[in-house]
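Have a look at the picture below, and then we'll go through it piece by piece.

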Amino acid sequence: MSQDRGPRRPRRLEKYALISASATALSLTASGCVVVHGEREVLPSATRAEAAKALEQFTTAYNAADKAYDASLDADHTTGALAAIDSARLKAGAANHPDGNPAHEPLELSDAKFTIPKKAGWPRWFVADTKANKGGTARWLLVFTRDGLDETWEAAYLTLVAPGKVPEFKTDQDGWAEAVPANATDVSVPPADLSKDYATYLQDGGKTFADGVHTSSWRALREKRSTRPGLVTQYIDEPLANGDYAPLALRTEDGGALVFFTSRHFEKQTAARGASVPTPNKDVLALTDGEIKQSLTMEFVSNEVALDPADGQVSVLGRVQGLTSGKGE
């Protein structure tokens with residue numbers, strides 16, 4: 001459970017050499033030939049038509065995978081936190097329903113609003129803010145990334161945010177947004193530190209994060225669950241902030257940032273002598289190795305979206321968490 005443990009899902013191979021070659025444009029000027037490197041030039045991450053197409057392709061792949069309980073059908077369209085959560089969900093579903101999902105209901109996304117940052121370098125990325133036929137009235141925020149011109153757009157983050165809670169973004173005269181660097185110091189917490197600080201907060205508390213469902217209320221719920229008679233529940237929280245799990249942030253109109261980040265959480269239930277761990281459901285059992293005798297350790301991946309102001313406490317607006325593995329002992 002150490003913090004430097006790598007993610008289970010293999011990271012995509014980086015193709016910067018190929019990208020450099022394919023993204024280089026040659027322009028002629030009066031003084032001769034000037035080479036413009038696509039990986040250095042500040043450009044919109046995608047056109048609005050490309051963003052809409054990426055969302056459509058993701059939805060099609062997601063529905064096919066959900067209907068068949070086959071993770072291979074949307075593996076090319078997900079990455080990072082969403083891939084870890086989604087592939088585990090599909091694995092459990094396939095184990096319990098080998099003929100497919102009997103409760104499949106196609107996901108329908110509508111009223112899509114795209115926020116596309118203008119930036120240099122890879123990865124390029126954008127945010128889709130949509131309505132959905134699932135999750136009540138919450139807005140679905142999906143972050144799409146890719147590492148090169150020949151790559152498929154992949155959804156790395158999926159979070160649900162209450163209506164009216166999505167902030168206004170800073171945009172230029174052409175409507176392109178501004179990406180906030182991971183090491184930015186003009187916000188309360190540099191985006192690169194949010195995962196680590198969130199894990200620390202969940203363990204020890206503090207003033208970094210504002211009270212809310214995903215902060216103080218979650219801590220209180222875990223404290224209550226940890227003291228049930230005959231059962232000890234321990235929690236360990238770890239950051240996930242590298243590779244496909246790197247945070248991505250957009251500048252808000254008020255000077256802060258909306259940050260998408262990932263964390264990993266372990267919950268270990270240990271029964272007292274003469275007692276037993278509560279029997280988990282079939283989906284948990286499908287992802288659990290070993291025999292559950294005295295304890296069950298569950299591993300979760302969680303992706304969050306937070307409002308990181310120029311000054312003040314960070315507010316976690318949404319969190320989607322999924323079980324990725326379990327171990328019985």
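Which residue takes a positive phi in the hairpin of E10 and E11? That's Gly-255, with a phi near 100°, in a hairpin that has 5 residues between the strands. The labels come from DSSP runs, numbered from the N terminus: H or I runs of at least four residues are helices, and E runs of at least two are strands.

A word on what you're looking at: this is a predicted model, where local features need pLDDT of at least 70, side-chain atom pairs count only at pLDDT 80 or more, and totals for chains, interfaces and linings use all residues. Residues are numbered from 1 along each chain as its sequence is written, and side-chain values use heavy atoms, with hydrogens and water left out.

Now for the wider view. The protein has 6 helices and 14 strands. Of its 329 residues, 46% count as buried, meaning under 20% relative accessible area with a 1.4 Å probe, protein chains only. If you take the contacts (heavy atoms within 4.5 Å) with a separation of 6 or more, 67% of them are between residues 24 or more positions apart.

Back to strand E11, residues 257-271. Since 13 of its 15 residues are buried, E11 is largely enclosed by the rest of the structure. Which strands does E11 pair with? Two strands pair if DSSP finds at least two bridges between them. Strand E10 (residues 248-251) is one partner, antiparallel over 4 bridges, with Ala-249 standing opposite Val-259 in E11. Strand E9 (residues 231-240) also runs antiparallel to E11, joined by 10 bridges, and there Gln-234 has Lys-268 as its bridge partner. Then comes strand E13 (residues 295-308), again antiparallel, with 14 bridges to E11; here Arg-264 sits opposite Val-301.

Let's switch to a pair of helices. The axes of H2 (residues 48-68) and H3 (residues 80-96) come within 10 Å and cross at roughly 30°; axes are lines fitted to C-alpha atoms over the stretch in contact, with angles from 0 to 180 degrees between N-to-C directions. H2 and H3 are therefore roughly parallel to each other, a label for angles under 35 degrees. On the H2 side, Phe-58, Tyr-62, Ala-65 and Asp-66 meet Leu-82, Asp-86, Arg-89 and Leu-90 of H3. These residues divide into 5 nonpolar, no polar and 3 charged, where Ala, Val, Leu, Ile, Met, Phe, Trp, Tyr, Cys and Pro count as nonpolar, Asp, Glu, Lys and Arg as charged, and the others, Gly among them, as polar.

Key. Parallel < 35°, antiparallel > 145°, perpendicular 65-115°, else oblique. Buried < 20%, exposed > 50% of the residue type's maximum accessible area, 1.4 Å probe, protein only.
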